Amino acid sequence: MNLRLYLKEFERKFDMEKAVCNHGFFMMAPNVWDPKSKSLTRPLTLSNSSSVSVTISHPRTLSFLVIQVHGINNVSRVDEELILQQVGRMLRISAEDDRDVTEFQQLHEDAKKYGFGRIFRSPFLFEDMVKSILLSNMTWERTLGMASSLCLLQSKLADGTVSSQTNKKRKRVVKARKETSGNFPSAKEIASLDKDLINEHCKLGYRAKWIVKLAKMVESGKLNLEEMERRDMKAEEVSEKLNKLKGFGPFSTATVLMCIGYYHLVPSDTETLRLFREVHVNVECSKETLETAAQSFYDRFSPFQSLAYWFDLIQNYETKLGKLSELSQLDYKSVSGCSHMKQLKAD
């Protein structure tokens with residue numbers, strides 16, 4: 001019992017494999033990339049806040065995406081549109097994204113030859129922001145584990161195995177359960193929890209407090225993510241708002257801006273330093289000067305500096321490991337210079 005949806009006729013060449021397998025976010029739960037079928041499976045959110053599992057593929061013979069919705073044979077028009085919106089956001093399928101790809105590739109011939117220009121992101125900006133926090137001062141292997149733990153916690157919230165703080169009178173369900181990963185928790189779900197419960201299940205450390213505070217700001221309307229997504233604010237205004245939040249230093253802020261569609265800041269961390277020492281050996285930089293040096297080096301690709309940087313980083317990974325799209329999930333933890341995605345500065 002599955003439903004099939006279809007997303008858009010492509011006016012330009014679209015490569016789903018390259019649109020997905022270009023950023024560590026695609027390796028983080030609840031995303032599951034299948035190297036054999038070149039498809040992406042994960043839960044998406046419906047209008048009633050429940051989740052449904054979908055598999056997204058792009059058969060070579062078709063000029064549109066196929067979205068297989070598992071376990072149901074019908075959805076409302078509202079939910080159909082919501083599913084398509086989430087898929088479109090993840091893969092950056094919009095006229096605005098197409099324009100960015102075209103303009104960037106006009107500046108970067110190698111990226112054009114490779115078909116690079118779309119950075120994978122999550123169905124919602126909140127998930128991008130939380131995952132950016134998970135990258136803060138942490139090994140890549142642990143970051144992957146924390147994302148998985150959050151999705152497992154979401155599944156427990158959904159089936160009642162764990163109760164939120166907003167429902168304290170409800171008895172916690174004590175029963176044997178098969179541990180299955182859920183969706184990535186929403187701002188509403190995280191805002192209903194406290195940091196101690198999150199750490200009990202996910203062991204996020206100080207990040208738990210930051211994430212709960214972020215979720216509560218989003219839920220209260222103090223931080224309007226839709227406004228940021230619509231680009232009603234300039235990039236500088238978005239940066240200013242992010243810099244006031246715990247967990248959003250230069251690296252996390254640049255990552256979130258890139259997810260929104262502002263590509264002018266290079267997200268510098270220890271991987272950037274490694275890349276410059278291995279690839280851009282003629283550029284003098286140190287831990288202290290890296291941010292300025294990286295920004296200056298990629299300024300010739302303005303306003304797409306972070307895309308140019310990410311292209312170099314992906315090429316470096318694939319030179320060492322082979323195509324990221326062909327790695328097994330067991331190999332994901334090896335994707336970084338020394339299995340570290342640790343920031344130079346504590347956000």
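1. A quick word on terms before anything else: the domain bounds used here come from an automatic or database domain assignment. On that basis the protein chain splits into domain 1 (2-92), domain 2 (124-165 + 178-261) and domain 3 (263-329). Keep in mind that this is a predicted model.

2. Taken over C-alpha atoms, the centres of domain 1 and domain 2 sit 22 Å apart. On the contact count, 16 residues of domain 1 touch 23 residues of domain 2.

3. As for area, about 1500 Å² is buried between domain 1 and domain 2, and 56% of that lies on carbon and sulfur atoms. Have a look at Phe25, Met28 and Arg89: together they supply 43% of the area that domain 1 buries against domain 2, more than any other three residues.

4. Between domain 1 and domain 2 the salt bridge count is three. Polar contacts across this interface come to nine residue pairs, with both residues at pLDDT 80 or more.

5. Which elements build the side of domain 1 that touches domain 2? Strand 3 (39-45) and helix 2 (77-91) each supply at least two residues. Strand 3 gives the most, with four residues.

6. Finally, the make-up of that side of domain 1: seven of its residues are nonpolar, six are polar and three are charged.

Note on methods. Residues are numbered from 1 along each chain as its sequence is written. This is a predicted model: local features need pLDDT of at least 70, side-chain atom pairs count only at pLDDT 80 or more; totals for chains, interfaces and linings use all residues. Side-chain values use heavy atoms; hydrogens and water are left out. Contact means heavy atoms within 4.5 Å. Buried area is the accessible area (1.4 Å probe) that two parts lose on being put together, summed over both. A salt bridge is a side-chain nitrogen of Lys or Arg within 4 Å of a carboxyl oxygen of Asp or Glu. A polar contact is a pair of N or O atoms within 3.5 Å; within protein, one must be able to donate a hydrogen and the other to accept it, and residues adjacent in sequence count only if both atoms are side-chain atoms. Ala, Val, Leu, Ile, Met, Phe, Trp, Tyr, Cys and Pro count as nonpolar, Asp, Glu, Lys and Arg as charged, and the others, Gly among them, as polar.
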